[in-house]
Amino acid sequence: MSDKATLTYNGQQFELNVRKGTIGPDVIDISSLYAQTGAFTLDPGFTSTASCESTITYIDGEAGILLHRGYPIDQLAEHGHYLETCYLLLYGELPNEAQRQEFEDAITNHTMIHEQMQKLFAGFRRDAHPMAIMVGVVGALSAFYHDSTDINDPQQREIASRRMIAKLPTIAAMAYKYSIGQPFVYPRNDLDYASNFLQMCFAVPSEEYKVNPILARALDRIFILHADHEQNASTSTVRLASSSGANPFACIAAGIACLWGPAHGGANEAALSMLAEIGTPDRIPEFIERAKDKNDPFRLMGFGHRVYKNYDPRAKIMQKTCHEVLNELGIKDDPLLDVAHELERVALSDPYFVEKKLYPNIDFYSGITLRALGFPVEMFTVLFALARTVGWISQWREMIEDPSQRIGRPRQLYTGEAQREYVMPEDR
Ligand code: SDX
């Protein structure tokens, strides 16, 4: 196949380079298009635009495949654990025993936050959405760790990366504790990552908290499923914010802000609220019709995806994890799970969803699982942000370490007023 593409424009022919990846679609390099033709390309929502070259995550949307550094997500979720996936995303290879131990010890020993940061929480109303608190407090890390913000220093990039992976669970748990008026619980160095998060969320000073290893393993797997996902909206936000050389902690806060939206990471919260609103399987047809009605803004939350036009591979693993958690907790029949199963069955047989290739995504079953684990619906996207932090950081490092990296600065198609003269107030 040719490594050139030819564009005919304004009666002239222009040659553009075609580049091939290891796997996946070719790209047509248009970086010289404006210089050659005086024209921009237009692609709102970036449906046909590759924003960067990356070696971290690959998604085949048609086949429903997700690879992290070449390893399929189902194998990582089945055999590995979250900090192993973090190491893989950050450094490109699965760790050997010595590397695993060093990395886990480093993360464990950075889980506390500066004691003065506790005072930030008091500035929020108790009923503040925990994602609002996350945006504020994670951004405030940039005011406490000045020794890890010179992004041009590899050592400082490394410490900033490990600090964020280590401290996000502590801040997330504090956001939860603050919202329910319970005292903050310090991290414990004798617990693994997921167990530590559970105890920081659910332990109380008045009694001993025992971690359920089945539930901790399920939560660790949920973190793996959310770790990274190519150039999604929040990752693109982190890349664009970081392209100006901004403080890494502040750029991660920007990613958290973007993830909050119901079209993105906020869909897990919205999906559970939708299942609760439907309430019983007999009301599903009404909501299916609403989802298909162009005049109704209602959409099936947890359904559809910009890239997956097949089953989201994470959704299948999430569904399996959901059943494991409900079984472990002795929850025989969760009415919302019944609604979810029936909704999935009906939607996947409806021509509208079949034609548009709308399948359940990662957010469809995560809400039921997280609620069963004891988290309130407002915390669902917080857990997504906690798990996705390593993805944002890995992509941030890849961009900063790319010698060709420049500030991201898109252009536009201008359809406003042509130049005109100022009209004095008395003449208007
Ligand atoms: C995540 O990008 C990522 O990788 C994200 C993510 C990650 O790990 O980072 O995977 C996490 O964000 C998952 C997606 C969570 N969002 C939701 O579940 C919200 C519900 N889904 C939709 O809002 C929608 O599917 C999006 C936002 C996910 C994707 O939107 P697109 O790619 O812009 O697709 P679209 O809105 O243009 O939809 C295409 C068609 C439209 O119909 P037409 O205008 O062509 O007639 O499908 C319809 C849409 O109306 N459609 C839906 C639908 N999703 C799309 N109709 C009903 N219910 C839905 N859920």
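I looked up the second largest cavity and found its lining to be Ile222, Phe223, His226, Leu370, Phe380, Leu383, Phe384 and Ala387. Helix 9 and helix 18 are the elements that give two or more residues to this lining, and helix 18 gives the most, with four residues. I count helices (H or I, at least four residues) and strands (E, at least two) as DSSP runs, numbered from the N terminus. The space in this second largest cavity is about 40 Å³.

I note the basis of these entries. The model is predicted, so that local features need pLDDT of at least 70 and side-chain atom pairs count only at pLDDT 80 or more, while totals for chains, interfaces and linings use all residues. Residues are numbered from 1 along each chain as its sequence is written, and side-chain values use heavy atoms, with hydrogens and water left out.

For cavities and pockets I used a 1 Å grid over the protein atoms alone: a cavity is a set of points where a 1.4 Å probe fits but cannot get out, a pocket is an open set with protein on both sides within 12 Å along at least five of seven lines, and lining residues have an atom within 4 Å of a point. Grid points are joined across faces, edges and corners, and a volume is the space filled by probe spheres set on the points.

I then asked how many cavities of 30 Å³ or more there are. The count is three. The largest cavity holds about 80 Å³, and its lining includes Met112, His114, Thr170 and Tyr186.

I turned to the second largest pocket, which holds about 300 Å³. Among its 22 lining residues, Leu83, Glu104, Leu191, Asp192 and Tyr193 are the closest to its centre. Helix 4 (97-108), helix 7 (154-179), helix 8 (193-202) and helix 9 (213-225) each supply at least two lining residues.

I next checked Ile288, in helix 13 (residues 284-292). Ile288 counts as buried (under 20% relative accessible area; exposed is over 50%, partly exposed in between; 1.4 Å probe, protein chains only), because its relative accessibility is 2%. Beyond neighbours within four places in sequence, Ile288 is in contact (heavy atoms within 4.5 Å) with Leu300, Leu343, Val346, Ala347, Asp350 and Phe353.

Last, I recorded an open sheet of three strands in the order 4-5-6, with antiparallel pairing (strands pair if DSSP finds at least two bridges between them). Strand 4 (57-60) and strand 6 (71-72) are the edge strands.
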